[in-house]
Every structure is written in C-alpha cells, then in structure tokens.
Amino acid sequence: MTGLMAARASASDKRAAFRAGLAGGRIQRLPGAFNPLVAKLIQELGFDGVYVSGAVISAELALPDIGLTTLSEVAERGRAVARVTDLPTLIDADTGFGEPMNAARTVTLLEEAGVAGAHFEDQVNPKRCGHLDGKAVVPAEEMVRRIRAAASARRDPDFVICARTDARAVEGLAAAIDRAKAYADAGADLIFTEALADASEFAAFRAAVDTPLLANMTEFGKSELLPARQLEDLGYNAVIYPVTTLRLAMHAVEQGLREIAATGTQVELLDRMQHRSRLYELLDYQRYNEFDSSIFTFTVSE
C-alpha cells in the first residue's frame, strides 16, 4: 500500500522539488508543522512545503527558544514530519549546534532524516528568537565558515543550505545585505532575511541580493505581515509561517481547558473540535483496514 505508512515521494525527489519550486517564479508557502499530523493537513490543503521551527520544538518541550534543544531532538522531529508528507520539509538548525564541524554533522544527520533543507543562523550562542531585542551576531567570517562547512557535508546536491541573517536588528539593513552576499558566496542556496520591518525593507533586500530569498511571516514580531502574493511580487521565493499552527492550537486548548475547569464538562466545546471522522480521514484509517482486515477489523463511522 504505497504511501500508507510513509510518503510516496523519496527524499531526493522532495529535495529536487524544493529546488525547482525556489527557481519556478511562484512563491513557495511553508506553514510550520508542530507534529506529523499537521504536516499531512498542510499537504492536503495544497501548500508547497512544510516548515519545522526550532522555536516550536523548544516550546513543545516547555523550553524557551535559546538554543537548549539538541541536534538529535531536532533531527528526530524532522524525520517524523518528513516521513509522512510528499512535500519538502525545511527545518530550523539554529546555529548548527556548535562549531563549523558540528554544522557539517548537522547536515549529515538531517539528510539522513529525509528533510529537504535546513537553515543556519549567524547569531551568537546561546541564540534567541529572531524577533526579540538583545540579539548578538557572530562576525561574518565565522558564519561564512559555518555555511562552508554545512555545504561541504551534503551528499545530495539538491539538499538546500539556507543561511539566516539576524544582522538587520543588530548592525542595520546594509550590513545584513552584505552578510547575505557573503553567505551566498560561501555556498548558501537560500537566504533567510530575519526581522525586516516592512515591504520597503523586503524590496531593498531583494534589489541587492541575487540569491533566492525566504521571508518569515511570524506573528507578534518585528515584521509587517505581508500576503504571499505581495511577497511574490517583491521577488521572494519562499515564505514560512513558523509558529502559526502551534499558536492556533494552544489558544484553542487553553480556552477548552478553561471551559472544562469552569463547568466540569466539554459539552459546549464539541462544535469547536475536529470530529473523530475527520481525524480518521487524515489518518487514512480506511486504507489501513483495506491493507489487512485480519488485523484492523474496525469500521469507520460517524
């Protein structure tokens, strides 16, 4: 039963599709998936890729986004998400989990996990959320070594190395642009322009940099929330919505728990829940039944 317990597309096919999408003239939309089930929904709804956020992995572990997660934790989450979707998965590799040699090992493990690409940032460890104040960036030469190491470690040439610069808030827009050019020269295939303020800054970055660009449309941050069509018109190649699904889910969970705490029942929440039948549809329960009815003998009903 092809595509039942894992994606139909191979990792190499997904990487090739990601590269083709970045070069195709239409912006690639990658919502964040906080678990594999969300990734299946992202595919079903017609998006172009899936994003795995380091901030989300941290939050799910009840940790702040300050570089406390490990490479093995991140790689395993990438593997779990990439396994279930035919879409390419882009994952947040923070600062590479150490020195340039660690960045190289990070690429090796993320390739083995089946993801299509990873981004590395130029913050100092311990890093922090890109939309908070007080960030610090390493010298550009250090980040160049980080990117060169990551690029040299890939075995699949279609694996996308993305360089994120946080320099806009620290050194200014011109310095961020200069860094982006240096990172592209070091082997970055995609530049992640973190915490630009508004459309004019996104346009200025695009005018100055030839490499494909990724925009981060995260909520409650420093960037104006621009529609995907506007970003596409500005010349951006990809856009991520990193924490959106987690924020939606956590808000709903909190409201539901407050209702149960106050009333002692969830009866008033039923119309705000995903129905059992819809969950079964996403999980392909019926196909599992068809695959081996001697094991799976349930019937799917309303």
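**Figure 1. Arg-247 and Glu-219 pair up.** Arg-247 makes a salt bridge with Glu-219, with the closest N and O atoms 2.5 Å apart; the term stands for a side-chain nitrogen of Lys or Arg within 4 Å of a carboxyl oxygen of Asp or Glu. The two sit 28 residues apart, Arg-247 in helix H11 (residues 244-263) and Glu-219 in the loop between strand S7 (213-216) and H10. Helices (H or I, at least four residues) and strands (E, at least two) are DSSP runs, numbered from the N terminus. Arg-247 is partly exposed at 31% relative accessible area, while Glu-219 is buried at 16%. Here buried means under 20% relative accessible area, exposed over 50%, and partly exposed in between (1.4 Å probe, protein chains only).

A quick note on what you're looking at: this is a predicted model, where local features need pLDDT of at least 70 and side-chain atom pairs count only at pLDDT 80 or more, while totals for chains, interfaces and linings use all residues. Residues are numbered from 1 along each chain as its sequence is written, and side-chain values use heavy atoms, with hydrogens and water left out.

**Figure 2. Glu-201 meets Arg-168.** Their side chains form a salt bridge (2.8 Å, N to O). Glu-201 belongs to helix H9 (residues 199-208) and Arg-168 to helix H7 (residues 168-171), so the pair ties together parts 33 residues apart in sequence. Glu-201 is buried, at 12% relative accessible area, but Arg-168 is partly exposed, at 24%.

**Figure 3. Glu-171 reaches Arg-179.** This is another salt bridge, with the closest N and O atoms 2.9 Å apart. Glu-171 is partly exposed at 42% relative accessibility, whereas Arg-179 is buried at 5%.

**Figure 4. Inside the largest nonpolar core.** Such a core is a set of buried Ala, Val, Leu, Ile, Met, Phe, Trp, Tyr and Cys residues joined through side-chain atoms within 4.5 Å. Of its 60 residues, Phe-120, Phe-205, Leu-231 and Tyr-236 touch the most other members. Helix H6 (residues 140-153) supplies the largest share, 7 residues. Leaving out residues up to four places away in sequence, Phe-205 touches Leu-173, Ile-191 and Tyr-236, among others; contact means heavy atoms within 4.5 Å.

**Figure 5. Helix H6 and its cover.** Buried residues in H6 include Met-143, Val-144 and Ile-147. Among the elements covering the buried residues of H6 are helix H5 (100-113), strand S4 (117-121), strand S5 (160-165) and helix H8 (173-185).
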